[in-house]
Amino acid sequence: QVQLVESGGGLVQSGGSLRLACTTSGSIPNLVAMGWYRQVPGKERQLVARMNRGGGTDYGDSVQGRFTISRDYSWNFVYLQMNSLRPEDTAVYYCNAVQAANTVAQYWGPGTQVTVSS
C-alpha cells in the first residue's frame, strides 16, 4: 500500500516561513507527480504546488513567488518551502502522489495544519 506522511505544520506569524515535508512510506511504482494541496472549511481542496516526473512545476496563483516545491533524488521526500506567509494561507495542507499505469490513482496524506496569525 501507499502511505504519505506530512510534517512541519504549525503556528507561524504573518510574514514568517515554514517548511513542510512529505515522506513516502512505501514505494510508489509508476509515480508521475507529487504535490501539495490545501483545504479550508467550506472550500474545495486547491492546488498549492506540484512537480511532475520531468521536474516541471506548477503553482497556485496565490502562492506564486512565495512557495517552492522540491524533492530529494529518490522522491522519498518532497518539501514545500513557504515564505511570506499570510493569514489566508491558513489551511490543512495535504501531500499528494499520482500513480499512472493502465489506470490513474491518487494518494493523500492525513494532512498537517498550518495556521498563520496576524
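Author: Start with Y37, which counts as buried because its relative accessibility is 13%; buried means under 20% relative accessible area, exposed over 50%, and partly exposed in between, with a 1.4 Å probe and protein chains only.

Reader: What kind of model is this, and what do the values use?

Author: This is a predicted model, in which local features need pLDDT of at least 70 and side-chain atom pairs count only at pLDDT 80 or more, while totals for chains, interfaces and linings use all residues. Residues are numbered from 1 along each chain as its sequence is written, and side-chain values use heavy atoms, with hydrogens and water left out.

Reader: How many aromatic pairs in the whole structure?

Author: The search finds 2. Rings of Phe, Tyr and Trp (its six-membered ring) pair if their centres lie within 6.5 Å; planes under 30 degrees apart count as stacked, over 60 as edge-to-face and the rest as tilted.

Reader: And how are the rings of Y37 and W108 arranged?

Author: Their centres are 5.2 Å apart and their planes are at 75 degrees, so Y37 and W108 form an edge-to-face pair. Y37 is in strand 4 and W108 in strand 10 (residues 104-108), so the pair ties together parts 71 residues apart in sequence. Strands here are DSSP runs of E, at least two residues, numbered from the N terminus.

Reader: Is W108 buried or partly exposed?

Author: W108 is partly exposed, at a relative accessible area of 36%.

Reader: Which pair is stacked?

Author: F77 and Y79, because their planes are at 10 degrees, with the ring centres 6.3 Å apart. F77 is partly exposed at 33% relative accessible area, whereas Y79 counts as buried at 18%.

Reader: Which charge lies over the face of Y79?

Author: R19, at 4.4 Å from the ring centre. A charge sits over a ring if NZ of Lys or CZ of Arg is within 6 Å of the ring centre and within 35 degrees of the ring normal.

Reader: What sits over the ring of W108?

Author: The charged end of R45, 4.6 Å from the centre of that ring.

Reader: Switching to the backbone. What is phi of N30?

Author: Near 55 degrees, a positive value in a residue other than glycine. N30 is in the loop between strand 3 (18-25) and strand 4 (31-39), and is partly exposed with a relative accessible area of 41%.

Reader: Where is S84?

Author: In the loop between strand 8 (77-82) and strand 9 (91-100). Phi of S84 is near 50 degrees, a positive value in a residue other than glycine, and S84 is partly exposed at 42% relative accessible area.

Methods: Helices (H or I, at least four residues) and strands (E, at least two) are DSSP runs, numbered from the N terminus.
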